[in-house]
Structure formats: structure tokens, C-alpha cells
Amino acid sequence: MPNDSLSVEQVRDLRALAGAIIPASQTYNVPGADDERIFNDILRSLERDRDDVCRALAHLATFAGGAFADIEPERRAAVANAFRDVGGAPLAALVRVVLLCYYRDDRVMRSLGQEPRPPFPKGHVVEQGDWSLLDPVRARPPIYRPVDGRATKGGAG
Amino acid sequence: MHDKVDVLIIGSGASGAAVAWSLAETKMHILCLEQGDWVKPTDYPSNGRDWEARLFSDFAVNPNRRARPTDYPINDDNSPIKVVNFNGVGGSTIMYTAHFPRLHPSDFKVRTLDGVAEDWPIDYATLEPFFAENDRMMGVSGLAGDPAYPPKQPPMPPVPLGKSGARFGKAMNQLGWHWWPSDTTIATTDYDGRGRCINLGHCTPGCAQGAKASTDITYWPHAIRAGVELRTLCRVREITTDEHGMASGVIYYDAKGEEQFQPAEVVIIACNGVGTPRLMLNSVSARFPNGIANSSGLVGKNLMFHPYALTYGYVDEPLDGNHGPPLCLWSKQFYETDPQRDFVRGYTFQFGRGVGSIIEAIVSSTAGRLAWGEDHHASYRKLVNRRIGLSAICEDLPEEHNRVTLDPVLKDSSGIPAPKLDYTISANSHKMMQHGIARAKEILNAAGASNICVESPILNGGWHLLGTARMGTDPERSVVNEWGRCHDVKNLFIVDGSIWVTSGGVNPTSTIQALALYIADSIKQRLANLFD
């Protein structure tokens, strides 16, 4: 896996944590965030958050009393959720990277009914809506505040 | 040394572009120095699959996070609201939502009407023709007939209501409260070489379609064709003065980082409410030991942001999510002062269409709404594309202790001191925000939303940088006069949001540009005796 600064242990813990946050689901037919393709994307995308991610992983190892990846898979979610309360800004940065990569995966997007494509150039369709909804507002007198009596009527709304 | 120019403009954003275009008809030699570079439409995030991720990297709204070579750091540790800006041709019009309300007539008369702050030395009527001209140049979409404003005629029809807007409209009608489609600089028809909006839905960090008006694609092509020179990657360090106390030019660092001197007959500052006082305070001399044109001591003081109180909830059906321009409606129901309330002045509600699916996941995870573990997927599917929200954009009254100074330690990559902000939200603003949150909850309830959430103030909500070199007729109480000329230096002008006397409760770009056009017109009218 491409990575130029996280240790092997940190990579293991990060992957285990990603999978604990977002596990695979047969119900929704989606991979977990520890899926190889998604996790490679996570490692490639640390960029500005690399230091925070390292801090969060160090804190996690202390919190868990050892390598998070060594915890029984059934217990990881409970530990991760407890860590969620104390992880602070570094953990928030780590989770942000996980979510950024997970929810742009083709398989995940399709499971949500989204087209796996950038917004441009196809764009999207937004319905005009019913402009007659404005009729009661159109019927109101001016509500802007009089200033020097110039073209102003009514008062505060 | 470079040849002397007639007019030197510092900054190519909303106001710098407008003043450059307006002055171009004089055929003077006009040069604009911009510390950023051109941004190609193909560089905008909506071209790629990582379009939401780039909001956290090279298109982050916060310059400290974005940290491009063209950005400068800002020490905002002592402010609950962080600065949002962009440095490039077009300035922060590259990084705005294109919401385009004008100030209201009452905003220019707050001392007279409400006994607070100070009146502006100009009024809405004076700016009205420049509002209209700017609407035409920027290309405004909207709907005539809003009872909250004097008559105006946007050149293009409004952006669509969509599912979210229709839901809000019904809720507001149920409550009997004002609402109206927003004026926006997103083109709804092909306009002046720009393509019409195709609902990319990711307007804030630039529009790949070119439907959103940023001044690099509105004013600048016209200004350059008319002969204005725009020099990019030039970071101005200071404005120099001559033995008579007149501005003589600027010292700047060019694209190679080499120091240059550019002489000029007239200097116009257009660097926004943080960049402008930073530059002025860094322009010291024997005559101006506290910064250029600062005999009032007000350069950098009276910083106003507009605190935003965001309230949102979730409905039981999919809405528009991030599809379409993010802001579609406003309400002025609570804009004008009401003596029955426990605060003066008021706020605009701006209604949001929704957010992207990744932003939803991040925000909801941070807030603890989005489950981790086995419940994650079911939890997420109750949130994505179901958000409906609105913000109260509150008038921020001027207070001298809210200020921009030069940081004694932090510097940019050119070694220029960074701006340091000291800012607190006033008691009046807090009361206004609480009022807005309470009304927003009523609106969301009427719109069928539940799971109501509040973010107040919006942390990264310092879009509007105002008041730090304000205008007025009294040189002891203002930095520039009623047509933008510095009281102390008669060939130095300021045209950006720094010169605002009060903030109103609206997004400021429309009024900033109308002011810039008005000042340019004032300069043109006085060319024969500009320095008298």
C-alpha cells in the first residue's frame, strides 16, 4: 500500500479503525472503509491531515492499551465508539479522510442511488417548483423601512 | 523601476475589478497588482470526483487550511469566527456563494433611525444607479417585485425553487412571513459569454460551467480589452509616500519573489476588510508612523463579520441535496428594527438547498448524529439529501475593540507581517442570533423537519470583512471621505468592504461593488481637481 510516513503498525490500526467506523454491509451491498481500494485511497489522501492522523492513532493505541488492530474484531466497534468521545480534533481529521474516501467510491455511490461522476459537465436537474407560492408575498405592501419618506411605505416586518 | 502609471489598483477581486473597469474609459494607464493568479475553469473542484474533498485542501475556504503559495496566513486565534477568502484574479468572488442582496435604505441611517453606530455619508438613492449597473455587469438572476426592497429589475429570472425551496415557501406562507427568491449572480440564461447554470451544485469554490459570476469572467475581460493591465503573482508589501505626504507608489514582490517598486499617480486599495488594514498598517513612514492615512487611529478598527446562526433539520423524503445553487431564497421578515425585541437592527434569513453527501457524513459524524459500526449505513441513509436549513445573517455593529492589527511574529512567505484579529460577538448580536435560531426552529417545524441542529456562530463563517477603514465626513472619526478618498492622503483611495460604516444584515458583495463603481464615478467627475 502506498504510504510514506505511517508506520506499519499505524497503517494496520488505521485500517482496523476505518473498518470499525464503517463496516461492510450485505444489507446495503457495500464494502467497508477497510476495503482495499477504499483504504488505498485513504492512505493517498492524508495530505494536510497526516500529522493529525498520526496523533489520533498514537492516542488510540494508548487508549486501547495496545494496537487497535489486535483487538478482537467483535470488540473494535465498542472501543472505537468509546474513543470517539475523547479523540478530539485529531480524530475528527482522521474520520474526515475516511468519510471523504468512502463516500466517493463507485460501489458506495451506486448503493445510494448516485451516479459515480463529477458534477461537471453533466450537471443535475432541479425542478422549478410552483412559483404561485409567492402570491401571498406579492400581495404584501412594502415592508422596508421608511427613510426620508422616499419610495418607502409600511414598516418593519 | 517600472514606468509610472496613472492609477494603481491593489487587488483584483470584487471591488478592484469594478473600479478598474469603470476607470478604463478614461484611457488612463491603469495597472492592477494581484497577489494570486488566474484560476482556470478546468481547475475547479466540480470537474473531478474529488470535488467535495477539495473543500478541505486546495479549495478550503479558510486560507490557513488552504495554504496555497498565494495565500497569506491570518492569526484568528482570538476570534470565534474564522476568515473565509480567496487570493487570485477575482479574489473572494471565486469563493463565494453568489448570494447578492443589496443593503437596504435603512442601513445607511442607523444613527438617525435607531440611535446606534453612525450614519453613512451616502445613501441608498446615491448608490441605486450603481447597483443597477453592477447587476448588469455581474449578471444577476432574481425576481422583481420583492416588497422588502425598493423596485429593482434583475436581468435574469431566478434560480429554481426545487424541492427544498418549495418546502420552505409553504412553511413561510403558513407562518405568514416574508420570503422571496434570492438575487444571485448565478446566470440562469446564457449571459455575456457565460453559460447558464446546469446545477453543478457546488458553487462556492468556483463554477466550472462559468455560470457563477466571479470578476475574472465578468469585469476583467472587459477591463483588459479596454486597456487595463493586470499583473498577477505580485504581492504588495507597502504603499510609499513622497515628501508631500502623497502616495508615490508601492513596493511589491513579483512572481520570482524579487522586490519591485511601482510608481503611480493614484493608488487604489481593494484588498478587503482584513488585507487593506494589514497593508495600510504595514505602510509606515516618518509622516505616518502608525500606518498610512491613519491619523484617526481607526485603520484596522471596527471589524465587522456578520455572525451567522445556522439552524437545520431533516425531513422524511429526499430533497435536492447539493444539486443546484446552495442558496435559493431569503426572508427579510426580521430585517428592520422592531422595538418589541431586545436587540436593535436585524437579520436576513438565507435558506439553504442542502449539502453534498460527503459533507453530510462529515458534519453528522462530528456532531455525533451519524452512527459508527453496524448502524452506520442505516443511520446515514436517514440523513443524506434530507437536510433542510437556514441561516440568520446578523447585522454586526461596529466596535473599536474588534480589530485587525499586525501580528508581531507570524509572517507570510514574503516576510510580510500577517494580520491578527481580535474579535468578540457583541451582546446585541448574541440576542439577535438567539432570536434567529428560535424563529428558524419555527420555520423548520412548519417545514416538517425534525432532529433540529444549531451551529452558532458558523465557525468558518467570516466571509464578510467590513469596517476597518470606514468612510465619513469627519477626519477624526473616519479614514476615507464620502467618495472613498483617504482624508490624510489625497491620491489614495479605498474601495473594498473596509469603508463600510455599518454592516447591514446582508451578504455585502453587491454593495461593495456598487460602492466601487460610485467611487470610480466620483473620481471621473473630479479628474480635473482630484487632489484638491
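Predicted model: local features only at pLDDT ≥ 70, side-chain atom pairs only at ≥ 80, totals over all residues.
Now for the place where the chains meet. Here 74 residues of chain B touch 61 residues of chain A. Together the two chains bury about 5800 Å², and carbon and sulfur atoms account for 62% of that area. On the chain B side, B:Arg49, B:Trp372 and B:His377 stand out: they supply 16% of the area that chain B buries against chain A, more than any other three residues.

What about polar links and charges? Between chain B and chain A, 27 residue pairs are in polar contact, with both partners at pLDDT 80 or more. Several elements of chain B each bring at least two residues to the side that touches chain A, among them helix 4 (124-138), helix 5 (162-175) and strand 4 (180-181). Helix 8 of chain B gives the largest share of that side, with 6 residues. Sorted by class, the side of chain B that touches chain A holds 33 nonpolar, 22 polar and 19 charged residues. As for salt bridges, 4 of them cross the interface of chain B and chain A. The side chains of B:Arg65 and A:Asp49 form a salt bridge, with N to O at 2.9 Å.

Technical notes: Residues numbered from 1 in each chain as written. Chains lettered and ligands numbered in written order. Heavy atoms only, no water. Contact = heavy atoms within 4.5 Å. Buried area = accessible area lost by both parts, 1.4 Å probe. Polar contact = N/O pair within 3.5 Å; in protein donor to acceptor, adjacent residues only side chain to side chain. Helix = DSSP H or I, 4+ residues; strand = E, 2+ residues; numbered from the N terminus. Nonpolar A, V, L, I, M, F, W, Y, C, P; charged D, E, K, R; others polar.
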